[in-house]
Amino acid sequence: MTIRVGVVGGGQLARMMIPAAQALGVEIRVLAESDEASAGLAATVVGDYTDWETLSFFAQEVDVLTFDHEHVPTHLLERLVADGVVVRPGPHALVCAQDKSLMRERLAGLDVPLPAWAVAEDPGDVERFLAQHDGVAVAKTPRGGYDGKGVRVVSTPKDVDDWLASGPILLEQKVEFVRELAQLVARRPQGDSVSFPVVETLQKDGVCAEVVAPAPDQSSEIIAEAARIGRVIAEALDVTGVLAVEMFDTPSGQLLVNELAMRPHNSGHVFTEAGVTSQFEAHLRAVLDWPLGDTSLRQPWAVMVNLFGDAGNERIHAALDYSPQIRPHAYGKHPRPGRKAGHLVATGDDLEQLKTLVRGASEAGRQQ
Ligand SMILES: Nc1ncnc2c1ncn2[C@@H]1O[C@H](COP(=O)(O)OP(=O)(O)O)[C@@H](O)[C@H]1O
Ligand SMILES: [Mg+2]
């Protein structure tokens, strides 16, 4: 009997798990939001993942359940586990990628460096935190944020009146980072894990725009520290599958943990071309409890640039026309301003040349 993996969510991450599943010879099923979802080309069930009947019916048909996003309510996942469904990562781990305040609480007990943080319930709490941090802070909605939505730089409690009206928020010290890094780890249920090379990510307006692998100008201490942080978190939270740890690299050289994802992550797209094992394959191997593979790079450098708005045939064609070195990934989404619609990757020896190349290709054929 062929092993069947079920993925909740039909976005681009589920879509890019499909070729990895095919290569491994496992069947993949997707519970998608609509029949036009990015992963619509896999055996797809269309339905609402917050509806118990839909979710449990989907889960009963697969050998292991995993995710394209972290939005499935924890109580539904706990019910699935109680019913004997194999859910990876499990709800106890996933909740730390769902709720940024809870994530801070759980990480505070571990040997990993964090920015100063607090949970604020009312304007007085915000006022106090601002007073302790030179009048500026980063406020976050604990749940539901992505791509910078749910993140604000604040200097007065008024800036978060609207958010406080619907519940407590997370406040963080505004970190003056020199750059942002991401560490991916893939971990099997019993604890075997592999670390990918740490990458540098560039966010524009809170959204990942560009990734370089490996992170340039890295000391061996930083590489070791990023890998240590990834391993400590994966182990302590008992993550199964890919864990992505977003980090700030600060002027003193200290790394501070920003947030976590427990699924393939935008920062890991480079490994499809640049790695011996892609993050999608690593995630599937980990949730299947299979050997994890080699995470080393096949090329000295890889650069990824996201395509926003549209990655239709014309734009992809223009990118390919720009240079034969470009590797395309279109997500099959309807064009919408600002939407992550695809990405381009190039690998090679000369980092500056690769950056120029991929940026140029991403601009080619862009609808103004
Ligand atoms: N405490 C902070 N200090 C400085 N910048 C931050 C802080 N937290 C977040 N940011 C910036 O906002 C971006 C998005 O924040 P993040 O918490 O990762 O939210 P999202 O879930 O939208 O990715 C980060 O990649 C970083 O550029
Ligand atoms: Mg983030």
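1. The centres of domain 2 and domain 3, taken over C-alpha atoms, are separated by 29 Å. The chain is assigned domain 1 (4-87), domain 2 (116-172) and domain 3 (179-363), where the bounds come from an automatic or database domain assignment.

2. A word on the basis of this note: the model is predicted, so that local features need pLDDT of at least 70 and side-chain atom pairs count only at pLDDT 80 or more, while totals for chains, interfaces and linings use all residues. Residues are numbered from 1 along each chain as its sequence is written, and chains are lettered from A and ligands numbered from 1 in the order in which they are written.

3. Ligand 1 is surrounded by 18 residues, of which V138, V151, E172, V175 and Q203 are the closest; a residue counts as near when its C-beta atom, placed from the backbone, lies within 6 Å of the molecule or strand. Because domain 2 and domain 3 both give residues to this shell, ligand 1 lies between them. At least two residues of the shell come from each of β6 (137-140) and β14 (255-261), and by class the shell has five nonpolar, six polar and seven charged residues. Here Ala, Val, Leu, Ile, Met, Phe, Trp, Tyr, Cys and Pro count as nonpolar, Asp, Glu, Lys and Arg as charged, and the others, Gly among them, as polar.

4. Helix α1 (residues 12-24) and helix α10 (residues 279-288) have axes that come within 8 Å and cross at roughly 60°. Helices (H or I, at least four residues) and strands (E, at least two) are DSSP runs numbered from the N terminus, and axes are lines fitted to C-alpha atoms, for helices over the stretch in contact, with angles running from 0 to 180 degrees between N-to-C directions. The helices α1 and α10 are therefore oblique to each other, given that angles under 35 degrees count as roughly parallel, over 145 as roughly antiparallel, 65 to 115 as roughly perpendicular and the rest as oblique. On the α1 side the contact is made by M16, M17, A20, A21, A23 and L24, and on the α10 side by F280, E281, H283 and L284, contact meaning that the C-beta atoms of two residues, placed from the backbone, lie within 7 Å. This contact has eight nonpolar, one polar and one charged residues.

5. For helix α4 (residues 91-98) and helix α5 (residues 100-108), the axes come within 6 Å and cross at roughly 115°, which makes α4 roughly perpendicular to α5. V95, C96 and A97 of α4 make the contact with L102, M103 and R106 of α5.

6. The axes of α3 and α4 come within 10 Å and cross at roughly 165°, and the two helices are therefore roughly antiparallel to each other. In this pair, T74, L77, E78 and V81 of α3 meet P91, L94 and V95 of α4, and these residues divide into five nonpolar, one polar and one charged.

7. Some backbone details deserve a careful look. Most residues other than glycine have a negative phi, and most peptide bonds are trans. A cis peptide bond, with omega about 0°, joins R88 and P89, and P89 lies in the loop between α3 (74-82) and α4. The bond from A213 to P214 is also cis, with omega near -10°, and P214 is found in the loop between β12 (207-213) and α8 (220-236). D217, although not a glycine, has a positive phi of about 50°, and D217 lies in the loop between β12 and α8.
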